[in-house]
Amino acid sequence: GLRVLKTQFQLVTGLSLPVVLNILPHAAKITLVVGEPIAVEQVSEPSDSQVKELLDKYIEALEKLYEAHRKRLSPGKPPLRVI
């Protein structure tokens, strides 16, 4: 197949072509889960503590959403780990 063509091309031209496999994506099932909105007050120049507070709220909501649907959608998956 492809290896034979690559070898013949190399013999004729002296050039080696890389063999690229899996260049097309595989079909995959994607499940989208939408949670409750997080209330955010727009601040033109937020402080570090305001950003951290909002990030903590986001992570907490994400963990709750993950746990609420993990057993039904991904049985056996471990708890969410945010790093």
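**Secondary structure.** Helices (H or I, at least four residues) and strands (E, at least two) are DSSP runs, numbered from the N terminus. I number residues from 1 along each chain as its sequence is written. As the model is predicted, local features need pLDDT of at least 70 and side-chain atom pairs count only at pLDDT 80 or more, while totals for chains, interfaces and linings use all residues; side-chain values use heavy atoms, with hydrogens and water left out.

**Overall dimensions.** I checked the radius of gyration, taken over C-alpha atoms. The protein chain has 25 Å, whereas a compact globule of 83 residues would have a value near 12 Å; the globule rule is 2.2 Å times the number of residues to the power 0.38. Along the principal axes, the C-alpha atoms fill a box of roughly 65 × 40 × 20 Å.

**Burial and contacts.** I then looked at burial (buried means under 20% relative accessible area, exposed over 50%, partly exposed in between; 1.4 Å probe, protein chains only). Buried residues make up 2% of the 83 residues. For contacts (heavy atoms within 4.5 Å), I took pairs at least 6 apart in sequence, and 17% of these join residues at least 24 apart.

**Surface.** The protein chain exposes about 8100 Å², of which carbon and sulfur atoms supply 60%. The areas come from the Shrake-Rupley method with a 1.4 Å probe; for residues, only the protein chains shown count as cover.

**Charges.** I counted Lys and Arg as positive and Asp and Glu as negative, leaving out His and the chain ends. Each charge was placed at NZ of Lys, CZ of Arg, CG of Asp or CD of Glu. The mean positions of the 11 positive and 9 negative charges are 20 Å apart.

**Salt bridges.** I searched the whole structure for salt bridges (a side-chain nitrogen of Lys or Arg within 4 Å of a carboxyl oxygen of Asp or Glu) and found three.

- Asp56 pairs with Lys52, with the closest N and O atoms 3.1 Å apart. The two are four residues apart in helix α2 (residues 48-73), so about one helical turn separates them. Asp56 is partly exposed at 37%.
- Glu60 meets Lys64 at 3.4 Å, N to O. Both lie in helix α2, four residues apart, about one turn. Glu60 is partly exposed at 43%, and Lys64 is exposed at 55%.
- Glu67 meets Arg70 at 2.9 Å, N to O. Both lie in helix α2, three residues apart, about one turn. Glu67 is partly exposed at 37%, whereas Arg70 is buried at 16%.
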